[in-house]
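Let's take a look at a protein model together. Keep the 3D view open while you read.

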Amino acid sequence: MFAYTIRRLLQAIPILLVASFIAFWLASVSFDPVATKFAGRNPPVPRQTILLERHRMHMDEGFFTQYFGWLKNIVLHADFGPSIESSTINVRTTLLHAVTVTARLVTAALVISVVLAVLTGVISAYKQYTWFDYAMTFIGFLFLAMPAFWIATLLKQGAINFNEAFPSLNRPNGSGFIPTIYDRSTLPPADFGGQMLDYFLHLVLPTISLSLINYAGLSRFQRSSMLEVLNSDYVRLARAKGLRPRTVMVRHALRTALIPMTTATSLTIAVTLGGAVITETVFQWRGMGDFLVNAINNGDRFGVQGWLLLAGFIVVLGNIVADLLYGVLDPRIRYA
Amino acid sequence: MRTPKRLTGLVAIAAASLLVAGACSSKANNSGTTQQQNSFGYSECPSKPDTCNSGPRKQGGTIIAALGKKIQNFNIDASDGNLVESVEVMNAILPGAYTFLPSGKIAWNPDLFTEEPKVTNTSPQTVVYKIRPEAKWDDGTAINVDDFVYNWKLQDGHDKNILVAGTTGYDDITGVVGSDNGQTVTVTFKDPYSDWRGLFGSLYPAHIGAKAGDIKTDTGLEAAFKDMYKQPTWTGGAFKITAYDKATHVELVPNPAWYGRDKPTLDKIVYQFITDPKQQLPALQNKEINALNVQPSKDLYDGLKALNGVLYSITAGYSWEHIDLNTKNKWLADLALRTAIFDTISRQDIIDKTFKSYFPSAKPLGSHNFVSSANGYKDILSQVAPDQGNGKVDAAKKVLTDAGYTIVNGQLKDKTGANVGPLSFVHTGTVARAATSEVVVQELKQIGLTVTDKITDDLSTTLQTEAFDMILFGWGASPLLSPNADLWKTGGGNNFTQWGDASSDKLLADMTKELDLNKQIQMLNDQDVILTKAAVVMPITDKPNAMAVSDTYVNIRDNTAGSYFTYNTQSWGVKQS
């Protein structure tokens, strides 16, 4: 398995190289960050300032010089390049901080959506064509049809209405019980317990918002996968042997049904990262989504390139993890 | 048991309806009619912009105000630090010579000076500042001539490695000299500079800069300039920055060494970065912030009206929308066609389609040099070109006919019989500008002119490369008047119409040297007559700005004149009940 992992990581390198070139080219043709930054200033910014800023952003170099210089800095120094917003901003530091924020959100959302999807998918498959199955099908399609920004805004307004209906629950700083912006309070409680509760409460709305988007598709997928396994010969044999239904479900059927789910879940990481852009904008979390929106609005080429490359790496990594999980879930799978 | 399909469908409809109803729920309107754009508490602001929402304060309290951008550095003289939001934060930290009040008046700072700075000589122009002996930085160092010299040298443009946002005015100074133990500062200019009041508006401390390097040398100045990017651990204002999170907020507490007459009563001010303006209203509703200051929209207006316990105002700001014509275009080089185009377009129609729904008192703007709330505003358009911008199609057709144009089968033709147009109408694609474009395209059909809508996502390049025939964008104005010269003078850096006029240029050149404010205003209004008759730029209206604050606070009011709503943080406070 170790050799397999190393082989997969090495295979990812050309993929990431191609992705990096595409990201660099797209960002280069899309933005003139210096023009965007100084547009409309009255009085106009001195020409010397513009020239120095173009030099700082490497815009006075040829395209391939810029690309290979950027690549070299990433490989040798883990330097993602300068930010157009300010010379004090380090794209790498900001991006890595954004990753930790998004990782918290995405992990919580994925865990909740996968657990819920597996639970409801399994029960729906086991109790096919019952009221539970129909209800879960309806809920699944309902959430599938709802756009992410609408769910997020709806949840936010619902929380505000709840807070206004129960002002006695307001927090000591006067704000509503369920927070609607940021990943933590600007003026957090002093005690550790209060801080943990503060983190948790801030996680509620964005996690629900992201989870619902993923849950819908995953639950349908798990249901189909489970139904296929439940109708297979070896499960029929397990039942015929007199095993308890729970044992048949969990020890025999579920493990096999989870294999396609790992593929679906790893693909969901990419979708969740995309959904996080909207969720983080609505809830003002300073994660990767917010970073990308900010970078695009500011014409920050290196920021956008860094984001695309990092997102690509995360997706590739997610796929490798999914592949490795196959071996864990299905003993028949061995890696050469 | 199988659930009947019909029941399943009904359940689906009911659930969806509940969700929609939840999303659309609103609270009772507490603040008047749909035409009202200022709530009770801010209703005096149109007539008393400098004193509305005044009141006695009680000691204590915290206010959380939203800012629309993150603060990336604290050097507001730098090209990448000169953002509105950075200035809003640093207003409470940096002492300055003059403040722009909400009314547009330029007020000298009586906390810093013993008397109003004076022009003591006009040739060469000499200005004298007398600093109060009480005015000190929080470490006890006196604010004196050293700070003036330091700020001059940083911004005079002599060192190209200092990426300053602008050098205008400072590059005209020939000397800054101190006397009376540095408390009297004498500034001399090589040429008359009429906007001298705009200089030294944000003083950085020289003695702090000297810690980064020898500020008498360029190397030291460069090091000091870079040092100014960092979070200040010092202050010369009413507040001091005590916490700063690059991603979320900055916190200020009162400066115990504050020397001003008005002492802060608040315990803390927090500026929270909420970069999506649509998220500021829900945050206000949820009491996660107490104040916001944004460009308004219909949704914002409706939302503010529905809130309890919030004061709001929507007022004409110091920026204005306008349509420019590129006189290098072979057709637009003709004055008759330009005149006819502007006569045909109705600015009221544009206002009705754009700002009217949330800013009922929006009016057509009649000046190219002053916003409607500015000192010196005169409706030049109504006096000089009453048909311009008023949808006078018949008058436009007469102008065209007299100039030899004809309209044949709905197509405008020039004197040679050739088709005129099509012309491009370029804008940045915002909702308001797209609506404006629709109006212009439709209305110009009446004179047989085809106009094609075109969106640019790089306005600056479009303007610089003249890649437009007609273009719609906005300018930010200021109580300082000399920047207007660059908008209209022949070859001016911000003159994108390619128009020029010798008489206009002379008036503008004289205006930038005129030290008497009233004469400056007269010169600009005279220049505006020439500009209006040339029909190269048509002002549409002032763009509105929205301010909202919880009604438990006093002395917080909008200020679009350039010092922004944080111009008087030392006076902010919790209302005394």
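Here is a short tour, from the ground rules to a hairpin.

## Ground rules

This is a predicted model, where local features need pLDDT of at least 70 and side-chain atom pairs count only at pLDDT 80 or more, while totals for chains, interfaces and linings use all residues. Residues are numbered from 1 along each chain as its sequence is written, and chains are lettered from A and ligands numbered from 1 in the order in which they are written.

## Chain A at a glance

Chain A has twelve helices and zero strands; helices here are DSSP runs of H or I with at least four residues, and strands are runs of E with at least two, numbered from the N terminus. Its C-alpha atoms fill a box of roughly 85 × 60 × 40 Å along the principal axes.

Of the 336 residues in chain A, 38% are buried, meaning 20 or more other C-beta atoms lie within 10 Å of a residue's own, with C-beta atoms placed from the backbone.

## The nonpolar core

A nonpolar core is a set of buried Ala, Val, Leu, Ile, Met, Phe, Trp, Tyr and Cys residues joined through C-beta atoms within 7 Å. The largest one has 220 residues, and A:Trp307, B:Ala291 and B:Ala548 touch the most other members.

Leaving out residues up to four places away in sequence, A:Trp307 touches A:Leu95, A:Met288, A:Phe291, A:Leu292 and A:Ala295 (contact: C-beta atoms, placed from the backbone, within 7 Å).

## A hairpin in chain B

Over in chain B, strands S7 (residues 173-179) and S8 (residues 184-189) run antiparallel, joined by six bridges; strands pair if DSSP finds at least two bridges between them. B:Val177 stands opposite B:Thr186. Four residues sit between the two strands of this hairpin, and B:Asp180 in the turn has a positive phi of about 55°.

Key:
Buried ≥ 20, exposed ≤ 12 C-beta atoms within 10 Å, placed from the backbone. Contact = placed C-beta atoms within 7 Å.
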